[in-house]
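Please read the points below with the model open beside you. They go from the whole chain down to single residues.

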Amino acid sequence: MSNYRLIVSDIDGTLIGADGEISENNVMALRRVAERGVRVALCTGRVLAAALRFVDRLGLVGDHVVSAGALVGHPE
């Protein structure tokens, strides 16, 4: 069992490569972590609408931090 309960990751320059996409390695790594019961949240300066495609790509559920910290919550 992991000692971690939550991983929060920036998007730009962290998960997203020069091509503007999240690599398959990053997708698989974050999905494996989530499968082990660790919550994964994205944190970005982007507005919610711009971050949603990455939330969807990663299959994440739960709260995220968007709009440079101005909004913290579930995308729905």
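1. Helices (H or I, at least four residues) and strands (E, at least two) are DSSP runs, numbered from the N terminus. On that basis the chain has 2 helices and 4 strands. Read from the N terminus, their order is β-α-β-α-β-β.

2. A word on where the values come from. This is a predicted model, in which local features need pLDDT of at least 70 and side-chain atom pairs count only at pLDDT 80 or more, while totals for chains, interfaces and linings use all residues. Residues are numbered from 1 along each chain as its sequence is written, and side-chain values use heavy atoms, with hydrogens and water left out.

3. Overall size comes next. The C-alpha trace spans about 35 × 25 × 20 Å along its principal axes. The radius of gyration is taken over C-alpha atoms, and the globule rule is 2.2 Å times the number of residues to the power 0.38. For 76 residues a compact globule would have a value near 11 Å, and the 12 Å of the chain agrees with this.

4. Contact means heavy atoms within 4.5 Å. Of the contacts between residues at least 6 apart in sequence, 48% join residues at least 24 apart.

5. Which strand does β1 join, and do the two run parallel or antiparallel? Strand β1 (residues 6–10) is joined to strand β2 (residues 39–43) by 5 bridges, and the two run parallel. Two strands pair if DSSP finds at least two bridges between them. L6 has R39 in β2 as its bridge partner. Between β1 and β2 the chain passes through helix α1 (residues 24–35), and this β-α-β crossover is right-handed: with the strands pointing away from the viewer, the path from the first strand over the helix to the second runs clockwise.

6. Helix α1 can be checked for length. The expected span of a helix is 1.5 Å times one less than its number of residues. For the 12 residues of α1 that gives 16 Å, and the end C-alpha atoms are 16 Å apart, which agrees. Just after α1, G37 has a positive phi of about 90°.

7. Buried means under 20% relative accessible area, exposed over 50%, and partly exposed in between (1.4 Å probe, protein chains only). By this rule 26% of the 76 residues are buried. M28, in helix α1, is partly exposed at 36%.

8. A nonpolar core is a set of buried Ala, Val, Leu, Ile, Met, Phe, Trp, Tyr and Cys residues joined through side-chain atoms within 4.5 Å. The largest one has 14 residues, and those touching the most other members are I11, L15, I22, L42, F54, L58 and L60. At least two residues each come from α1, β2 and α2 (48–58), and α2 gives the largest share, with 4 residues.

9. S9 is a residue of strand β1 and is buried, with a relative accessible area of 10%. In β2, L42 stands opposite S9. Beyond four places in sequence, S9 touches T14, L15, A41, L42 and C43.
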